Amino acid sequence: MPGDGSLEQLKRDGRIVVVGASLAGLRAAETLREKGFAGSLTMIGDEPCEPYDRPPLSKQVLLGRASADRTALPRLRSVDATWRLGTPATGLDMAARRVRLADGDEVPYDRLLIATGVRARPWPDEAEAELDGVFALRTRDDSAALARRLDAGPKRVLVIGGGFTGSEIASACRERDLPVTVTERGAAPLVGALGGVVGAVAAEMQREHGVDLRTGVMVTALEGDAAGRVRAAQLSDGSSVEADVVVVSLGALRNTEWLAGSGLGAGPRGIACDAGCRAFDIRGIVTDDVYAAGDVARCPNALFGYQFLSLEHWGNAVSQARIAAHNMLSESTDRLPHMEVPAFWSSQFGVNIKSVGIPSMGTEILISQGSLADHRFLGVYGYQGRVIGAVAFDHGRWLPFYQELIETTAPFPPPFTTVDRRPDGHRPLDADFPDPSVPTHGPTVTLSGYSPADRRITFVPAH
């Protein structure tokens with residue numbers, strides 16, 4: 001209980017280690033100090049720099065409006081931590097409560113927060129990925145290197161993958177008046193995240209802004225010249241694209257490999273947690289001293305059928321980190337659930353795109369305001385007769401209203417009309433999401449059940 005002496009001792013004493021010098025890691029550390037933790041705090045990060053903001057890397061930095069090395073996150077308060085930067089964590093001993101580092105050192109903890117996030121999915125052919133001019137975009141160094149190459153005025157940029165990051169990169173190229181080709185395995189850009197109805201609008205936007213958009217195709221090989229510079233890409237339809245800059249934007253991989261053999265419920269889809277951010281072990285038993293937050297965490301959400309959600313969202317990382325920090329310092333009766341409605345935004349081709357809820361869970365979409373043809377609209381998604389998500393293209397002021405519909409499990413289609421409903425918005429449409437068994441590059445929300453990859457359990461018959 002709040003006045004209990006044991007809680008005060010827990011709040012003030014001990015050793016907390018945060019693995020992941022990220023947005024989630026930093027905000028959790030600040031919250032720990034804000035709530036009275038006075039013990040030792042250690043921040044471990046694989047990059048040599050302190051936590052920085054990632055959204056500008058595919059927007060302002062690529063447009064030359066901001067420098068990559070000026071994207072450090074603002075400090076909300078002093079965290080008084082020991083920083084172990086540029087040294088990745090390589091293992092976890094849960095029994096001994098120690099984190100192993102790449103330099104051979106071990107860091108003991110009483111409570112551990114894992115906020116290791118995700119990394120860019122690499123091009124599968126290592127030799128092709130090493131060609132000069134082939135880039136991925138995840139880190140500050142990635143963004144700075146790509147911005148320098150765009151400054152040099154390439155003849156053509158090829159973006160492999162039409163998800164949000166790939167589309168933002170293509171938008172930056174066109175704003176710089178650089179020729180750009182986008183290849184997307186699905187039927188349209190953003191189709192995995194927002195469905196085919198909205199994806200068709202995204203495709204129109206790209207083509208109207210001069211993007212050479214190729215859908216329903218994959219890049220099968222990258223070719224280099226004698227000097228090791230990329231020069232062309234071969235596509236699955238037999239065509240080829242000449243390009244001297246290639247950006248691989250095939251989604252993200254969660255940074256959980258270092259947890260292999262630890263006994264924690266961690267795998268390619270993240271770290272399985274309860275709604276209070278406490279991690280499960282591989283037996284499905286919740287731990288009391290290991291927590292996870294941010295892109296690497298998979299938590300059940302009561303608003304969405306208690307399905308495990310993995311969210312690559314800026315706002316989710318902040319709110320989840322604060323919940324995790326609160327619960328690390330609380331007794332069971334005072335712990336809080338992480339139950340926020342996911343929210344996401346993107347800016348591309350002069351349009352501000354925002355979403356709430358989980359559009360990719362929807363089976364139907366109703367254009368409740370504005371018009372698809374005008375590229376200015378609000379679409380609300382339905383799933384099993386209830387509102388599950390909404391997306392706005394330059395029409396975001398009504399999103400809080402739709403967020404409230406999601407939170408109150410309002411019926412779908414919504415039982416009201418809006419003043420600017422156009423003829424194309426009178427009835428729900430099939431949201432037209434791709435078959436989930438076919439990989440796409442778009443979703444920023446992943447629905448998945450608990451299925452740790454690390455299997456160390458052997459079932460022995462009783463007789």
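Helix α5 is mostly covered, with 9 of its 12 residues buried. The model is predicted.

**Exercise 1. Which residues of α5 are buried, and what is the reach of the helix from its first C-alpha to its last?**

Step 1. List the buried positions. They are F164, G166, S167, E168, I169, A170, S171, A172 and C173.

Step 2. Check the length. α5 has 12 residues and spans 16 Å between its end C-alphas. That is close to the 16 Å expected at 1.5 Å a residue.

Step 3. Look past the end of the helix. D177 follows α5 and has a positive phi, near 65°.

**Exercise 2. Determine how the buried residues of α4 are arranged around its axis, and what they pack against.**

Step 1. Locate the helix. α4 covers residues 140-151, 12 residues in all. From first C-alpha to last it reaches 17 Å, close to the 16 Å expected at 1.5 Å a residue.

Step 2. Pick out the buried residues. In α4 these are R140, S143, L146, A147 and L150.

Step 3. Look down the axis. The buried residues of α4 fall within an arc of 135°, so they line one face of the helix.

Step 4. Turn to the other side. There, D141 and R148 of α4 are exposed.

Step 5. Name the packing partners. The buried residues of α4 pack against β9 (134-136), β10 (157-160), α5 (164-175) and β16 (245-248).

**Exercise 3. Trace the pairing of β13, β14 and β15.**

Step 1. Take β13 (residues 219-224) and β14 (residues 230-235). They pair in the antiparallel sense over 5 bridges. V219 has L235 of β14 as its bridge partner.

Step 2. Inspect the turn. The hairpin of β13 and β14 has 5 residues between the strands. In this hairpin, G228 has a positive phi near 85°.

Step 3. Continue to β15 (residues 240-242). β14 and β15 are antiparallel too, with 3 bridges. Here Q234 stands opposite S240 of β15.

Step 4. The hairpin of β14 and β15 has 4 residues between the strands. Its G238 takes a positive phi near 90°.

**Exercise 4. Why is the pair of Y381 and F433 tilted, and which parts of the chain does the pair link?**

Step 1. Start with the total. The structure holds 6 aromatic pairs.

Step 2. Recall the two quantities needed. A pair of aromatic rings is described by the distance of the centres and the angle of the planes.

Step 3. Apply them. The ring centres of Y381 and F433 lie 6.1 Å apart and the planes meet at 40°, so the pair is tilted. Planes under 30 degrees apart would count as stacked, and planes over 60 as edge-to-face.

Step 4. Y381 belongs to strand β27 (residues 376-383). F433 is in the loop between β29 (429-430) and β30 (445-448). The two are 52 residues apart, and the pair links distant parts of the chain.

Step 5. Y381 counts as buried because its relative accessibility is 0%.

Step 6. W398, F401 and Y402 form one aromatic cluster. The charged end of K59 sits over the ring of W345, 4.6 Å from the ring centre. The charged end of R298 sits over the ring of F308, at 5.4 Å from the centre.

**Exercise 5. How many helices and strands are in the chain, and what share of its residues is buried?**

Step 1. Count the elements. The chain has 8 helices and 30 strands.

Step 2. Of 463 residues, 53% count as buried.

Step 3. Consider contacts between residues at least 6 apart in sequence. Of these, 67% join residues at least 24 apart.

Methods: Residues are numbered from 1 along each chain as its sequence is written. This is a predicted model: local features need pLDDT of at least 70, side-chain atom pairs count only at pLDDT 80 or more; totals for chains, interfaces and linings use all residues. Side-chain values use heavy atoms; hydrogens and water are left out. Rings of Phe, Tyr and Trp (its six-membered ring) pair if their centres lie within 6.5 Å; planes under 30 degrees apart count as stacked, over 60 as edge-to-face and the rest as tilted. Buried means under 20% relative accessible area, exposed over 50%, partly exposed in between (1.4 Å probe, protein chains only). A charge sits over a ring if NZ of Lys or CZ of Arg is within 6 Å of the ring centre and within 35 degrees of the ring normal. Two strands pair if DSSP finds at least two bridges between them. The expected span of a helix is 1.5 Å times one less than its number of residues. The arc is that of the directions from the helix axis to the C-beta atoms. Contact means heavy atoms within 4.5 Å.
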